[in-house]
Amino acid sequence: MSFRRFAVTAVIGSITLLGCGNKIPVESPTGAGSTEGASQASKASADEIEAKLENDRSSKSDRGHDKGWERRIAALTDSLGLSEEQVEDLNELYDEYQAEIKALYDSARASGDRSGLREQLRDSRQAFDENFNDVLTDDQKARLAEIRANAAARRKDTGWENYIAALTDSLGLSEQQVTDLNELYEDYQADVKAARDNARESDARSELRTKLKELRQEFEDGFKDALTDEQQTRLEEIKANAAARRRDKGWENYIAALTDSLDLSDQQVTDLNELHEDYQADVKAAIDNARESDDRSGLRDKLRELKEDFDEDFNDILTDEQKEKLDEMKSGGRKRSGRGHGHGRKGRSG
C-alpha cells in the first residue's frame with residue numbers, strides 16, 4: 001500500500017516552471033522531451049501554507065479516519081473481500097501510522113532540526129506497508145498486486161492516448177504516424193517492464209537506472225524520427241511557448257502573494273515585473289548562446305551569476321521592513337541567511 005504525502009515546496013530563485021502546454025504536454029507520459037532554463041517556483045508564504053496543511057491534517061486526525069482512507073478501505077473490502085477483523089486491524093494500523101507521522105513532525109518542529117525527518121518518514125512508511133501486507137492473506141496480496149498493475153497500466157494508456165490526441169490536433173499527425181507512435185510506445189513499455197522484471201529477478205538493480213535511461217533515449221529518438229522536420233519545429237515552439245506561459249503564471253502568483261503579504265506598492269510591483277522580464281531575457285540569451293556555440297561549460301556559472309544579480313536587485317526594491325517580513329515568512333524567524341529573493345548583498349530602505 002502506498003501513501004503519498006504531498007508537501008508544499010516553493011523555492012525562491014529562477015522563476016521558470018515546468019508542466020504542460022496549452023495543447024500538448026511538454027513531456028510525454030514517458031518523460032520524452034525537456035525544457036531548459038532555471039526552474040524554481042516562489043517560496044512566498046510557504047511556511048504559512050504548510051502550517052495550514054498540517055493543521056488540516058491534525059483536524060482530520062481528531063475526526064478519526066480521513067475520507068481518503070475510508071474510501072480506500074471500502075474499495076479494498078469490495079475488491080479483496082476483507083473481513084471485519086482485517087478492516088479493524090488496518091484501521092488501527094492506520095491510526096498508529098498517522099500518530100507516528102504527527103509525532104515525527106512535531107518533534108522536528110520543536111527541535112528546529114529536520115535533517116533526519118525524510119529518512120524517519122521513509123522508515124515509518126516502509127514499516128506501515130509491511131504491517132499492512134501482514135494483515136492480508138497470500139491470495140489478497142496477489143490480487144492487490146494485480147489490481148495495482150492494472151491500474152498503473154490504465155493510467156499510462158489513458159495518459160498516452162490523451163497525449164497522442166493532443167499531438168494529432170496540434171501537429172496534424174497522419175494515421176500512419178499515430179500507428180507508428182503507438183507501436184513505438186507499446187514496445188517501449190514492454191522493454192521497460194522487461195528491464196524491471198530482470199532487475200527484480202536477478203536482484204541487480206544497480207544497472208537498472210542506466211538501462212532505463214538508454215531505453216528512454218531510444219524512445220525519444222524513435223519518437224522524433226516519426227515526425228517531419230516541420231512537426232519537430234512546431235513541437236519545439238509549442239514547448240517553448242508553454243514554458244513561457246508557465247513562467248509568467250508562476251511569477252504572477254508569486255507577486256500576488258508578495259503583494260498581499262508584504263503590502264507591495266504599485267511602483268514596487270512594476271519594478272519587480274520589469275526586473276523579472278530582464279532576468280528571463282538574460283537567461284534565455286545565455287542558454288541560446290550556449291546552444292549555438294555548442295559550449296555549455298560555462299553555462300551553469302553564468303546562470304548562477306544572473307540569479308545572484310536578480311536576487312540582489314530584487315532585494316533593493318524592498319524596504320527594510322519588507323525584507324524582514326519576507327525572511328520571517330521563509331525561515332520562521334531565523335536570522336537572514338544572505339541568499340534568495342530579498343537576500344541580496346546591498347539592501348536599501350524604501
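Is Lys-102 buried, exposed or partly exposed, and at what relative accessibility? Lys-102 counts as partly exposed, at 38% relative accessibility. Here buried means under 20% relative accessible area, exposed over 50%, and partly exposed in between, with a 1.4 Å probe and protein chains only. The areas come from the Shrake-Rupley method with a 1.4 Å probe; for residues, only the protein chains shown count as cover.

The model is predicted: local features need pLDDT of at least 70, side-chain atom pairs count only at pLDDT 80 or more, and totals for chains, interfaces and linings use all residues. Residues are numbered from 1 along each chain as its sequence is written, and side-chain values use heavy atoms, with hydrogens and water left out.

**View 1**
A salt bridge is a side-chain nitrogen of Lys or Arg within 4 Å of a carboxyl oxygen of Asp or Glu. Helices are DSSP runs (H or I, at least four residues), as strands are (E, at least two), numbered from the N terminus. Asp-106 is partly exposed at 29% relative accessibility. Arg-109 joins Lys-102 and Asp-106 in a network of salt bridges. The structure's count comes to 16 salt bridges.

**View 1. Lys-193 and Asp-197 meet in a salt bridge.**
Their N to O distance is 2.8 Å. The two residues are four apart in helix 6, so about one helical turn separates them. Lys-193 is exposed, with a relative accessible area of 52%. Asp-197 is partly exposed, at 21%.

Arg-216 is partly exposed, with a relative accessible area of 32%. Side chains of opposite charge can pair when their charged atoms come close.

**View 2. Acidic residues gather in a patch of negative charge on the surface.**
The members are Asp-157, Glu-161, Asp-180, Glu-183, Glu-186, Asp-187, Asp-191, Glu-214, Glu-218, Asp-221 and Asp-225. Patches are made of residues with over 30% relative accessible area and no salt bridge; like charges are joined within 9 Å, and nonpolar side chains (Val, Leu, Ile, Met, Phe, Trp, Tyr) within 5 Å. Lys and Arg count as positive and Asp and Glu as negative, while His and the chain ends are not counted. The place of a charge is taken as NZ of Lys, CZ of Arg, CG of Asp or CD of Glu. Helix 5 (138–171), helix 6 (175–202) and helix 7 (208–225) each supply at least two residues. Helix 6 gives the most, with five. Asp-180 sits in helix 6. Its relative accessible area is 33%, so Asp-180 is partly exposed.

**View 3. Basic residues form a patch of positive charge on the surface.**
Arg-154, Arg-155, Lys-156, Arg-196 and Arg-205 make up this patch. Helix 5 provides the largest share, three residues. Arg-196 is placed in helix 6. At 40% relative accessibility, Arg-196 is partly exposed.

**View 4. Trp-69 and Phe-128 form an edge-to-face aromatic pair.**
The structure holds 17 aromatic pairs. In this one, the distance is 6.2 Å centre to centre, with 65° between the planes. Trp-69 lies in helix 2 (residues 67–80) and Phe-128 in helix 4 (residues 117–135), so the pair ties together parts 59 residues apart in sequence. Trp-69 is buried at 2% relative accessibility. Phe-128 is also buried, at 2%. Rings of Phe, Tyr and Trp (its six-membered ring) pair if their centres lie within 6.5 Å; planes under 30 degrees apart count as stacked, over 60 as edge-to-face and the rest as tilted.

**View 5. Phe-310 and Phe-314 form a tilted pair.**
Their ring centres are 6.0 Å apart and their planes meet at 55°. Both lie in helix 10 (residues 299–317), four residues apart, about one turn of the helix. Phe-310 is buried, at 1% relative accessible area. Phe-314 is buried, at 0%.

**View 6. Six residues form one aromatic cluster.**
The members are Trp-160, Tyr-163, Tyr-185, Tyr-188, Phe-219 and Phe-223.
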